Amino acid sequence: MDQSLLQPFSSATRILRMDHAHVLADFQKLRADTAPAVRSALCRRICTALDIHAQLEEELFYPALRELEAHLPALDRSEADHADMRLQIEHVRKLNQQAQDPTSALTALITEVLHHVADEETQLLPAAEELLGAQRLKELGARMTRRRFELARPHAVDMAADAARAAPLKTALFAAGTLLASGLAFQHFRRRRVTRH
């Protein structure tokens with residue numbers, strides 16, 4: 001594989017650590033006075049992020065570790081944790097869709113996530129870095145990135161809307177301006193390509 005193609009991608013373990021940090025940061029945004037629309041958006045963001053993260057681990061990361069045939073008890077625990085978290089995710093979603101306050105269910109979910117993250121970040125990810133090596137982790141990171149886009153594609157509109165609802169006003173305005181500028185630049189580029197042909 002051409003090594004230059006892998007340069008823009010992070011290693012698999014870095015991607016997983018960033019996922020952990022993003023979910024926990026979203027959870028930290030919840031306050032007692034959080035507006036219901038923002039709370040709902042954060043719940044959806046957290047649940048979608050956890051779904052995608054778990055699927056990436058189950059489809060790509062865990063099988064790569066299993067291929068090594070190393071004894072990793074944290075790997076067995078991680079797979080079991082996913083089953084428990086999926087039940088809690090569905091409970092949070094159900095409450096959120098019924099316009100009930102999902103805060104206590106979300107807190108239970110995040111408690112489970114914290115235990116899972118602690119296990120992965122102290123045992124599983126360091127073992128993966130040692131056993132798989134930097135090159136294999138970059139290749140795996142590239143595959144995970146491509147798969148993330150595939151998994152996120154059906155949720156893209158909802159994810160963007162929830163990001164806008166959950167963001168502070170300054171951030172939302174900056175994001176809207178960036179999207180507008182990107183759209184204008186894309187149109188300009190497309191027009192220039194059409195006129196050349």
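Trainee: What makes the span of helix α3 close to the expected one?

Mentor: In this predicted model, helix α3 runs over residues 73-97 and has 25 residues. From its first C-alpha to its last it reaches 36 Å, and the expectation at 1.5 Å a residue is 36 Å. The expected span is 1.5 Å times one less than the number of residues, so the two values can be set side by side.

Trainee: Which residues of α3 are buried?

Mentor: They are Ala74, Leu75, Ser78, Asp81, His82, Met85, Ile89, Val92, Leu95 and Asn96. An α-helix has 3.6 residues a turn, so residues three or four places apart point the same way. Keep that in mind as you read through the list.

Trainee: What do these buried residues pack against?

Mentor: The buried residues of α3 pack against α2 and α4.

Trainee: Why is Ala99 called exposed?

Mentor: Its relative accessibility is 73%. Exposed means over 50%, so Ala99 qualifies.

Trainee: Why does Ala167 count as partly exposed?

Mentor: Ala167 has 21% relative accessibility. Buried means under 20% and exposed means over 50%, so Ala167 falls in between and is partly exposed. You will find Ala167 in the loop between α5 (156-166) and α6 (169-196). Ala167 and Lys29 are 138 residues apart in sequence, while their C-alpha atoms are 9.3 Å apart in space.

Trainee: How many aromatic pairs does a search of the whole structure find?

Mentor: The search finds 1 aromatic pair. The rings of Phe61 and Tyr62 have their centres 6.2 Å apart and their planes at 50°.

Trainee: Why is that pair called tilted?

Mentor: The limit for the centres is within 6.5 Å, so the 6.2 Å between Phe61 and Tyr62 makes them a pair. Planes under 30 degrees apart would be stacked and over 60 edge-to-face, so the 50° of this pair makes it tilted.

Trainee: Are Phe61 and Tyr62 buried or exposed?

Mentor: Phe61 is buried, with a relative accessible area of 0%. Tyr62 is buried too, also with 0%.

Trainee: How do you know that Leu140 is buried?

Mentor: Leu140 has a relative accessible area of 0%, and the cut-off is under 20%, so it is buried. Leu140 lies in helix α4. Not counting residues up to four places away in sequence, Leu140 touches Ala12, Leu60, Phe61, Ala64 and Leu132.

Trainee: Why is Asp119 called buried at 13%?

Mentor: Buried means under 20%, so a relative accessible area of 13% is enough for Asp119. Asp119 lies in helix α4. Leaving aside neighbours within four places in sequence, Asp119 is in contact with Ala74, Arg77 and Leu124.

Trainee: What is the volume of the largest pocket, and which residues lie nearest its centre?

Mentor: The largest pocket has a volume of about 500 Å³. Its lining has 16 residues, and His22, Arg45, Ala49, Arg148 and Met159 lie nearest the centre. The largest share of the lining, 7 residues, comes from α1. By class, the lining has 9 nonpolar, 2 polar and 5 charged residues.

Trainee: How many cavities of 30 Å³ or more does the search find?

Mentor: It finds 1. About 120 Å³ of space lies in the largest cavity. Leu50, His53, Met85, Val113 and His116 lie nearest its centre, among 14 lining residues. α1, α2, α3 and α4 each supply at least two residues of that lining.

Notes
Residues are numbered from 1 along each chain as its sequence is written. This is a predicted model: local features need pLDDT of at least 70, side-chain atom pairs count only at pLDDT 80 or more; totals for chains, interfaces and linings use all residues. Side-chain values use heavy atoms; hydrogens and water are left out. Rings of Phe, Tyr and Trp (its six-membered ring) pair if their centres lie within 6.5 Å; planes under 30 degrees apart count as stacked, over 60 as edge-to-face and the rest as tilted. Buried means under 20% relative accessible area, exposed over 50%, partly exposed in between (1.4 Å probe, protein chains only). On a 1 Å grid over the protein atoms alone, a cavity is a set of points where a 1.4 Å probe fits but cannot get out, and a pocket is an open set with protein on both sides within 12 Å along at least five of seven lines; lining residues have an atom within 4 Å of a point. Grid points are joined across faces, edges and corners, and a volume is the space filled by probe spheres set on the points. Helices (H or I, at least four residues) and strands (E, at least two) are DSSP runs, numbered from the N terminus. Ala, Val, Leu, Ile, Met, Phe, Trp, Tyr, Cys and Pro count as nonpolar, Asp, Glu, Lys and Arg as charged, and the others, Gly among them, as polar. Contact means heavy atoms within 4.5 Å.
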